[in-house]
Amino acid sequence: MNYLKIIKYLYPARNLLIPRLLEFKKKTVSLLGYKLIRIVERVDLAKNLGSIADHASEQGKIEILKTFEAIGVMSYTDLVNSFMKSSDPKIAIQTVRNKSSWKSR
């Protein structure tokens, strides 16, 4: 978490190439990219998340859902609805949590 605070502090001064993190095949690197989008609040990168969400790992899908909720992106309803139908209960539960919090906004 300390690294994320440092990156958030350095972000205005340096070019942070978050989209490159999303392209890595290593799960931990791409998960870091999802979390960075959420922490730095890069709404402009939501389309990148939407395009890779179908191919993301189970943990990646959960992080993408959390990121969509945190940055207030509600335009990916088809994707969210497909996540709700997931066979993994963790993904389905996270999706329901997100949808209920979006309704309260």
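Setting aside neighbours within four places in sequence, Ile-71 is in contact (heavy atoms within 4.5 Å) with Ile-37, Arg-38, Glu-41, Arg-42, Val-43 and Ala-46. This is a predicted model, in which local features need pLDDT of at least 70 and side-chain atom pairs count only at pLDDT 80 or more, while totals for chains, interfaces and linings use all residues. Residues are numbered from 1 along each chain as its sequence is written, and side-chain values use heavy atoms, with hydrogens and water left out.

Ile-71 belongs to helix α5, residues 58-71, and with a relative accessible area of 13% it is buried, where buried means under 20% relative accessible area, exposed over 50% and partly exposed in between, for a 1.4 Å probe and protein chains only. Between Ile-71 and Arg-42 there are 7.5 Å from C-alpha to C-alpha, although the two are 29 residues apart in sequence.

The chain as a whole has 7 helices and 0 strands, these being DSSP runs numbered from the N terminus (H or I of at least four residues for helices, E of at least two for strands). Of its 105 residues, 37% count as buried, and among contacts with a separation of 6 or more, 60% join residues 24 or more positions apart.

Leu-49 itself, leaving aside neighbours within four places in sequence, is in contact with Leu-22, Tyr-34, Ile-37, Ile-64, Thr-67 and Phe-68.

The structure holds 2 salt bridges, each a side-chain nitrogen of Lys or Arg within 4 Å of a carboxyl oxygen of Asp or Glu. In one of them Arg-38 pairs with Glu-63, with 2.9 Å between the closest N and O atoms; since Arg-38 lies in helix α3 and Glu-63 in helix α5, the pair ties together parts that are 25 residues apart in sequence. Arg-38 is partly exposed at 22% relative accessibility, whereas Glu-63 is buried at 4%. A salt bridge also joins the side chains of Asp-44 and Arg-42, at 2.8 Å from N to O; here Asp-44 is partly exposed at 46% and Arg-42 is buried at 15%.

Helix α3 (residues 27-40) also gives the most to the lining of the largest pocket, with 4 residues. A pocket is an open set of points on a 1 Å grid over the protein atoms alone, where a 1.4 Å probe fits and protein lies on both sides within 12 Å along at least five of seven lines; lining residues have an atom within 4 Å of a point. The lining includes Leu-22, Phe-24, Ser-30, Tyr-34 and His-55. Ser-30, in helix α3, is buried at 9% relative accessibility, and it touches Leu-21, Leu-22 and Phe-24, not counting residues up to four places away in sequence.
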